[in-house]
Every structure is written in C-alpha cells, then in structure tokens.
Amino acid sequence: MLSSSDFLSYFSYLLPAIIAGGIGFYFFKTYVNHQKEMQYLALRKENRSEVLPLRLQAFERLVLFLERISPGQLLSRVKPVGDNKFDYENLLIASIEQEFEHNLVQQVYVSQQCWDAIKASKNSTISLIRRTSMNENITNAQKLREVILTDLLEKPSPSDTGIAFIKSEIKKLF
C-alpha cells in the first residue's frame, strides 16, 4: 500500500516531467502548425505565379471581345449585305453572339461580378441595336448604321463600361 508521503515523493518526481512534456508538446505543436502554414503559403505563391498569367490573358481576351463588339468597331467590321435593316440587325447580333461563344471559357479565370459585367455589356449592345432597329424612321441598313454611330457620339458604348470594370479587376490583382 502506498503511503501519502510515498505518493508525494513520486508526484514530486513526476511533476517536472509532466511540465517538461507539456512544454515540449506545446512547442512541437506550434512548430508543426508553423511549418504547415509556410508550406501553404509557398504552395499558394507557386499557384499564383502559375494562375496569374492565365488570368491576365483572360482579361486581355475579354477586353478584345468588348472592343470587337463595341458598336463603332462592329459596324465598321460587319458591313450590310443588303438594304434590309432587319437582316443587318440579325447579322450584327449573330456576330456578337459568335464572339461571345468564342470567349465563354474565359469566365473560369475571372470573378462572377466581372463575368456578369461582360454579359451585361454584350446584352446592352444587342439591346441598343434592337432598339435602334425598331425605330420606324430607319428604313434601311445604312440608316441603321448611321443612327447607331450617332448615338455613340452622345453617350459611351456599353463596352466602355465593361472595359472599365475589367481594368478595376486587374488593379485588384496588384
């Protein structure tokens, strides 16, 4: 049977070992957590150096897309085939949709807000073309072109808004 003095004697030998073990465990745990954090930061830095060029390339392609669907650029690139304003409207919209489909994959590299701004610019450009075409004073494709270009002189194109948003997204990267 263990007497209380024997118990205190054993406990006095055991207490420093328990304290040393606790301190050792604390430092070991802190060291392991620090190493995990350092590995995470190194991996994140490596991924960033690989992903950043892809993101910048996606931003470049989206700016190019917005420039190509800008009404001024679009109208100079896509000429009317005939005099029918509705045929020309459909040709312009088909050109915009084709450009958009060609750049769909870029949404993987940009934020959802940025992609929404791109889609809003595209839809606003299509809406601008459709609204202008609905005007009864416009009788042919050439008149449609003139009115759209005249409207652009009074207010910025929807593409300008999208490009400004992309530029703000790029500034956040650096």
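Here is what to select, and what you'll find there.

First, some ground rules: this is a predicted model, where local features need pLDDT of at least 70 and side-chain atom pairs count only at pLDDT 80 or more, while totals for chains, interfaces and linings use all residues. Residues are numbered from 1 along each chain as its sequence is written, and side-chain values use heavy atoms, leaving out hydrogens and water.

Start by selecting helix 4 (residues 112–134) and helix 6 (residues 158–173). Their axes come within 8 Å and cross at roughly 170 degrees (axes are lines fitted to C-alpha atoms over the stretch in contact, with angles from 0 to 180 degrees between N-to-C directions; helices are DSSP runs of H or I, at least four residues, numbered from the N terminus). So helix 4 is roughly antiparallel to helix 6, a label for angles over 145 degrees. Show side chains at the contact (heavy atoms within 4.5 Å): among them are Ala117 and Ile118 of helix 4, and Phe165 and Glu169 of helix 6.

Stay on glutamate 169, which forms a salt bridge with lysine 172 (a side-chain nitrogen of Lys or Arg within 4 Å of a carboxyl oxygen of Asp or Glu). The closest N and O atoms are 3.4 Å apart. Glutamate 169 is buried at 8% relative accessibility, whereas lysine 172 is exposed at 63% (buried is under 20% relative accessible area, exposed over 50%, partly exposed in between, with a 1.4 Å probe and protein chains only).

Last stop: select glutamate 99 and arginine 68, another salt bridge, at 2.6 Å. This pair joins helix 3 (residues 85–102) to helix 1 (residues 4–69).

Conventions. Helix = DSSP H or I, 4+ residues; strand = E, 2+ residues; numbered from the N terminus. Parallel < 35°, antiparallel > 145°, perpendicular 65-115°, else oblique.
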